[in-house]
Amino acid sequence: MSNLVLNELRNDPFGPEKVLMVTDPRTGMRGYLVIDNTARGVGKGGVRMQPDLTLKEILRLARTMTWKNAAADLPLGGAKGGIVADPHDPNREALIRSYARSLRSLIPDEYVFGLDMGLTENDAALVVDELGKPAVATGKPACLGGIPYDELMITGYGVVESIEVACQLVDIELEGARVVVQGFGAVGRGVAHFCHKKGALVVAVSDSKKVLWDPEGLDVEHLLQVKRATGSLQGARCGRPIPHGEELLLEAEVLVPAARGDVITLENVHGVKAKVVAEGANCAVTVEAQRELHKRGVYLIPDFIANAGGVIAAYIEMVNGTPSQAFEYTRDKVRKNTLEMFQICQRTGLIPREAAMKMARERVIEAMVAKGSWKERR
Ligand code: NAD
């Protein structure tokens, strides 16, 4: 290995436990698997397919999964995989099969395959076919025992459960509260749908094409129908269009950025009026902006607490559970984790993201101590 690769391989007391590079000259497959930490359970985290993928990226994402799975309080470790290829490669099936074959000795005892960028449920089905049993992968089609969490909007459901806990802490009733949702994809649609079901007023939603606002509340079911039928909010017949970005600054009790990262920064955080902000999208609010919100008494629910519904559903799929069990488990875990995180904030003065990290680290350390590996690795 070159020095460059070796430099990326520094470890700390948490991991990584295993770093693999796999190749197959017959198919041209090149891929990585990093199993970061399995103190709490088998390594779990999706595989991405990307032409410019690096080991450094996979190492970082595997560690993120260690914290994310522990913060969600799942009995899972952290891992991440990657195949260095264009997702449109005509050879894609052979690459995926070859990647799965080369990791046969680790799957599913040390790593369970999952989906990330560039892969779809059909790819999970190929992995099941190649390795011969459903337990090797999550993200499978429903006909193979998969839980289609995007279709069921489970992540958005979990975000709303976390919002309800935060609202109780700031003495706001979610029923009747005004909610703004940026992004109307798998997460944002779920947030709008479940907020509406709980009696909240969804006053603004946006996608990449349009932002719609109605201070009296939008017709959420109509918006969902239009988005489903046309793929965009363009043709919706409710609300007034406003410029992109303004939805973040509207008068509302709850704000959910569920589109992209870094949309609330030091530049615009002073205009945010919501009392509860839930990161539906990963890293939607910069850490500096999170500190500002915290100073103002705004309750921010960080991504890996709020949007854990997807990983929770993947765990339920691993244990052969049903979609309704995935909803139930998401509700229980997300509510408990949100409350525990805010209690840590109150006790320590940490901002929620730091409190969630503390919670995750302590859970991993507790498992390592119990297994005797914390002392040995220090
Ligand atoms: P998606 O692609 O289904 O939806 C993204 C939505 O954002 C689309 O409606 C798109 O039009 C909209 N959008 C893009 N740019 C916008 C802009 N400038 N203004 C307003 N809207 C804009 O993606 P998703 O699955 O809903 O994921 C959204 C985010 O949540 C990502 O950061 C993703 O990593 C994260 N996330 C998703 C899940 C999940 O279960 N799907 C789980 C955890 C985290």
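A residue is called buried when its relative accessible area is under 20%, exposed when that value is over 50%, and partly exposed in between, using a 1.4 Å probe and protein chains only. The model is predicted, so local features need pLDDT of at least 70 and side-chain atom pairs count only at pLDDT 80 or more, while totals for chains, interfaces and linings use all residues. Residues are numbered from 1 along each chain as its sequence is written, and side-chain values use heavy atoms, with hydrogens and water left out.

**First stop: aromatic pairs**

Rings of Phe, Tyr and Trp (for Trp, its six-membered ring) pair if their centres lie within 6.5 Å; planes under 30 degrees apart count as stacked, over 60 as edge-to-face, and the rest as tilted. The structure contains seven such aromatic pairs. Select F14 and W67, whose rings form an edge-to-face pair with 5.0 Å from centre to centre and 80° between the planes. Secondary structure is named here from DSSP runs, numbered from the N terminus: helices are H or I runs of at least four residues, and strands are E runs of at least two. F14 lies in the loop between α1 (3-8) and β1 (18-24), and W67 lies in helix α2 (residues 55-71), so this pair links distant parts of the chain, 53 residues apart. Are these two residues buried or exposed? F14 is buried at 3% relative accessible area, and W67 is buried at 10%.

Now select Y299 and F342, an aromatic pair of the tilted kind, with 4.7 Å from centre to centre and 40° between the planes. Y299 belongs to strand β13 (residues 299-301) and F342 to helix α12 (residues 323-348), so the pair ties together parts 43 residues apart in sequence. Y299 counts as buried at 18% relative accessibility, and F342 counts as buried at 4%.

**Second stop: the ligand**

How many residues surround the ligand? There are 21, and the closest are D150, T155, A186, V187 and S208. Helices α5 (149-152) and α7 (186-197) each supply at least two residues of this shell. By class, the shell has seven nonpolar, ten polar and four charged residues. In this scheme Ala, Val, Leu, Ile, Met, Phe, Trp, Tyr, Cys and Pro count as nonpolar, Asp, Glu, Lys and Arg as charged, and the others, Gly among them, as polar.

An N or O atom in the side chain of D150 is 3.0 Å from a nitrogen atom of the ligand. A backbone N or O atom of A186 lies 3.0 Å from an oxygen atom of the ligand. For V187, a backbone N or O atom lies 2.9 Å from an oxygen atom of the ligand. On its own the ligand has 830 Å² of accessible area, and the protein covers 70% of this. Such areas come from the Shrake-Rupley method with a 1.4 Å probe; for residues, only the protein chains shown count as cover.

Select D303, which is in helix α10 (residues 303-306). At 5% relative accessibility, D303 is buried. Contact here means heavy atoms within 4.5 Å. Which residues does D303 touch, not counting residues up to four places away in sequence? They are E279, A281, N282, C283, A308 and R353.

Next, select A62, found in helix α2. A62 is buried, with a relative accessible area of 0%. Leaving aside neighbours within four places in sequence, A62 is in contact with V34, D36, G78, A79 and K80. Draw a distance between the C-alpha atoms of A62 and A79: they are separated by 4.3 Å, although the two residues are 17 residues apart along the chain.

**Last stop: the backbone**

Show the backbone at G15 and P16, which are joined by a cis peptide bond with omega of about 0°. P16 is in the loop between α1 and β1. A cis peptide bond also joins I107 and P108, with omega of about 5°, and P108 lies in the loop between α3 (92-102) and β6 (111-112).

D73 is not a glycine, yet its phi is positive, about 65°. D73 lies in the loop between α2 and β5 (77-84) and is buried, with a relative accessible area of 16%. M153, a residue other than glycine, has a positive phi near 60°. M153 lies in the loop between α5 and α6 (154-169), and at 13% relative accessibility M153 counts as buried.

Methods
Near = heavy atom within 4 Å. Polar contact = N/O pair within 3.5 Å; in protein donor to acceptor, adjacent residues only side chain to side chain.
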